[in-house]
Amino acid sequence: MSEYILEIKHVSKYFHGLVAINDLSMKVKKGQIYGIIGPNGAGKTTLFNCITGIYTPEEGQILWKGKEIKGTTPFKIAELGILRTFQTIRLFAEMSVAENIMSGRHIKSKQKWYNGIIHTPAYYKDEKENWEKVGELMAFFNLSEYATTPAGDLSYGIQRRIEMARALAAEPELLILDEPAAGLNENETLELTQTIRKIQAMGVTVMMIEHDMEMVMSLTEYITVINFGAKISAGLPAFVQDDPVVVEAYIGSDEEDEHE
Amino acid sequence: MMNKTSLIALALLVFMGFYPLFVDSAWLAVGTTFLVFSVVAFSQDIILGRAGVFHMGHAMFFGMGAYTTAILNVHFGWPILATWAPSVLIPMAFAFVLAGPIIHLRGDYLLVATIGFNIIFIQVLENDVFGLTGGPNGIFGIDIVRLFGIEFASQTYMYYMAFILLGIALFIMRNLDKSKFGRAMFYINKDEIAAQSMGISIRYYKLYAFIVGAGIAGAAGSMFSVQYSAVSPEAFNVTQSIMFFTIVLVGGSASLPGVLIGTFIMFVLPEVFREFETARYLVFGLAMILTMILRPRGIWPVKFGDIPSYLKKGVK
Amino acid sequence: MDIFLQQIVNGLTIGSLYALVALGYTMVYGVMRLINFAHGDLVALSAFVGLTVYTQIFGEGITSLIAVVAVFMFTAVIVAVVGVLLERLAYRPLRTAPRLSAVVSALGAGLVIQNAVMLIWGPNMKIFPSEIFPSTIWAIGGIVVTFTQVMILGLSSALMVALYFFINRTKMGTAIRAVAIDQDAAKLMGINVNRIIMVIFIIGSALGAVAGLFIGAYYRGITFDMGWMYGLNAFVAAIMGGIGNIPGAMLGGLLLGLFNAMITGYISTQWAETFTFVLLIVILVFRPTGILGEKVAEKV
């Protein structure tokens, strides 16, 4: 098996004939923190949507541990161990924080089809284990005090933490973060950086889109830069930072967050 | 220490338990039907309130259960007890076959498709297919439940059988809500994309909701046919489906007390106001509009956050 | 062959009625994403209002062109006012509420209109005046075409063509299409969304009123609860054509009318509705957005 956990080979995605991703390739190593940057509208989120099965690219291959996963439905992608957060936070707003995180335990839960109707000793054991895991994650993300609060009532920064806790609850091998620092203040961003390091230390591979350059440069080990759906540069953070093509792309477009 | 909701529930349980001692036979029958309709409303709520599937044809599954018992008993001479299992299983099988091809459709399309199934079901009944369904008049002379030589014939027996049925339904609802399956339905209901991204198969859980809901409605149908010892198509038409649909939304989706309140308002109140025959549905329509404007999530909305107590320790 | 042609004429007649009603559903759905379950009852209401306007105001037996035009105008105005009130009172307060709450409100509104009709005009079937249109009949070859049928086909087509041009060629029509695509953006561009929605309810209700009068003139017997079945068929037609799509509603209506006529003419009247819904479900399974495709703002 190759050392790369995720390989994207010549992927293209079109919308109504317009190209959103153009012949994009990249390889993510196991255990890496991999950054994707680029101006707004460059196709970064579209790429994540292709990996997680929300979109099916028209061309190219997406290999997960050497196996083609292009066109696989989103829920099966999650079962394979690829979990994500969303740029526009998608929590179950009316449900409590604990219940939100519990959704991440879905694929780990071993309840049988009849446990929806009748409970068995195995059910009680499984249920307890999963809630305990939720408890651990709430402690890890400093969320315990909000356990019963509806997720939608909490601040932006806290909601981002809940989303990460939810994805992590599924014990992913690859965690995909779509602009995890968007809307966070300086302190929260710092905290987030440390959290992502800890997640890496658990053995989770992390892929992230982020606009906060300081954070990306300090955190990631490898970066691909996308503009107009195509790769314009790739390499170590230090290299990418000084690449004239990248500088040009950022000066030539609006750098600040509008929306993608 | 009991909280307020549990106390209300206990009081209600005691009241419902002794209800037959205080009322005449007409009100006893109303009480029995209230219990049966509550069970149907709960099963509708699994599909509509939990999984969030826009389903407006639930009276069909209720009717399938009723007609299964009626046909097997009257035409084939099965004892009522023996018809219970098929009256649950047949609606479940139909739920799987009918919902399967359309379950991926967007909400409003499902609404119309399920209405369509219900209308087809009624035409099947009215056209007396295979000479089994009895046409517009339905089927008469359904037997009573007999067990160990006891004949459960009186309306009081009927009431308590319905009472036990409601108990079973509530037991299942509670188990569902506290399982991976019930939670998955809520996640899908609240945000399909997020739910899928957590590894939840939309199709599987929506079908699961449909099948379980159909089975419970079928059981209620069997009870209903025995209570009235007759079945006829108009008890299971789209108007009835709309009533079950409205019960859930007026009472409060996915809320156990809400659905009971909804059933009371939509079924028992019209019985109380029978003398205002002509104007009552006008008032009723106005009440539906007003309720939705004042309480868009229903009279008693669902409360989330029912998590194990050890997780609440950190809550300030 | 004669039966076939006759059923085509009948089918197109019923189809035009479905199409007129379907337009009301599809326009409201396109802009508000709401199935206006009360729309069918508005159609029934129209037939009764028309009956009263005709008999009370003009007196029975008076058939002049002016009287007939006046009946149509009066009825359309009255029903349009009811439609606007319906939107104001039952739907506008729920625009931000969960979508199903608005559905229940619509069902409630339908119940109110239906029972108001019953209380005002009584629960029994009323007979719509036959004199409203001349009883001229043409026999062409082996088929029979009535004056009423010609009126229905002619006026419906004219109204649909007019609507098509209104939506596609006028400033107001452009605004309606803009609101149907994105309400927020339309608001930012200075479009008064509330006014557009009002216009839609006026147009939809007025078209429904015309359909209601035609139903009275064509079938003669009208009942307070007849709106549900016409409404449901028309909504099915709107979905078949592609919900939110105005030409789709017209096409869907005509197709469903023809299909119904063929089923009742050749196969069975008892199973007519079953065939309708089997057709609908087949279309939805193989072409989930209808024949001409839906035109509804979709938020991802």
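Colleague: Leaving aside neighbours within four places in sequence, what is Ser25(A) in contact with?
Modeller: Apart from those neighbours, Ser25(A) is in contact with Ile8(A), Lys9(A), His10(A) and Lys231(A); contact means heavy atoms within 4.5 Å. This is a predicted model, in which local features need pLDDT of at least 70 and side-chain atom pairs count only at pLDDT 80 or more, while totals for chains, interfaces and linings use all residues. Residues are numbered from 1 along each chain as its sequence is written, chains are lettered from A and ligands numbered from 1 in the order in which they are written, and side-chain values use heavy atoms, leaving out hydrogens and water.

Colleague: Where is Ser25(A), and which backbone nitrogen does its side chain reach?
Modeller: Ser25(A) belongs to strand 2 (residues 18–29) of chain A. Helices (H or I, at least four residues) and strands (E, at least two) are DSSP runs, numbered from the N terminus. The side chain of Ser25(A) reaches the backbone nitrogen of His10(A) at 2.8 Å.

Colleague: Turning to salt bridges, how many are there over all chains?
Modeller: A search of the whole structure finds 20, a salt bridge being a side-chain nitrogen of Lys or Arg within 4 Å of a carboxyl oxygen of Asp or Glu. One of them joins Glu171(A) and Arg105(A), with the closest N and O atoms 2.7 Å apart.

Colleague: Which parts does that pair tie together?
Modeller: Glu171(A) lies in the loop between helix 5 (156–169) and strand 7 (174–178) of chain A, and Arg105(A) in the loop between helix 3 (97–102) and helix 4 (121–140) of chain A, so the pair ties together parts that are 66 residues apart in sequence.

Colleague: What area is buried between chain B and chain A?
Modeller: About 3,600 Å², of which carbon and sulfur atoms give 64%. Buried area is the accessible area (1.4 Å probe) that two parts lose on being put together, summed over both. Lys180(B), Tyr187(B) and Met198(B) supply 19% of the area that chain B buries against chain A, more than any other three residues.

Colleague: And how many salt bridges lie between chain B and chain A?
Modeller: Four. Glu94(A) and Arg297(B) meet in a salt bridge through their side chains (3.5 Å, N to O). At least two residues of the side of chain B that touches chain A come from each of helix 6 (155–177), helix 7 (180–190), helix 8 (192–197) and helix 9 (202–228) of chain B. Helix 7 of chain B gives the largest share of that side, seven residues.

Colleague: What about chain C: how many residues of chain B are in contact with it?
Modeller: 40 residues of chain B are in contact with 46 residues of chain C. The two chains bury about 3,600 Å² between them, 77% of it on carbon and sulfur atoms. In chain B, Arg106(B), Tyr109(B) and Val112(B) lose the most area to chain C, together 17% of what that side buries.

Colleague: Which residues form the salt bridge there?
Modeller: The count between chain B and chain C is one salt bridge. Asp108(B) pairs with Arg99(C), the closest N and O atoms being 2.3 Å apart. Helix 5 (107–126), helix 10 (238–251) and helix 12 (280–294) of chain B are the elements that give two or more residues to the side of chain B that touches chain C. The largest share, twelve residues, comes from helix 5 of chain B.

Methods:
Polar contact = N/O pair within 3.5 Å; in protein donor to acceptor, adjacent residues only side chain to side chain.
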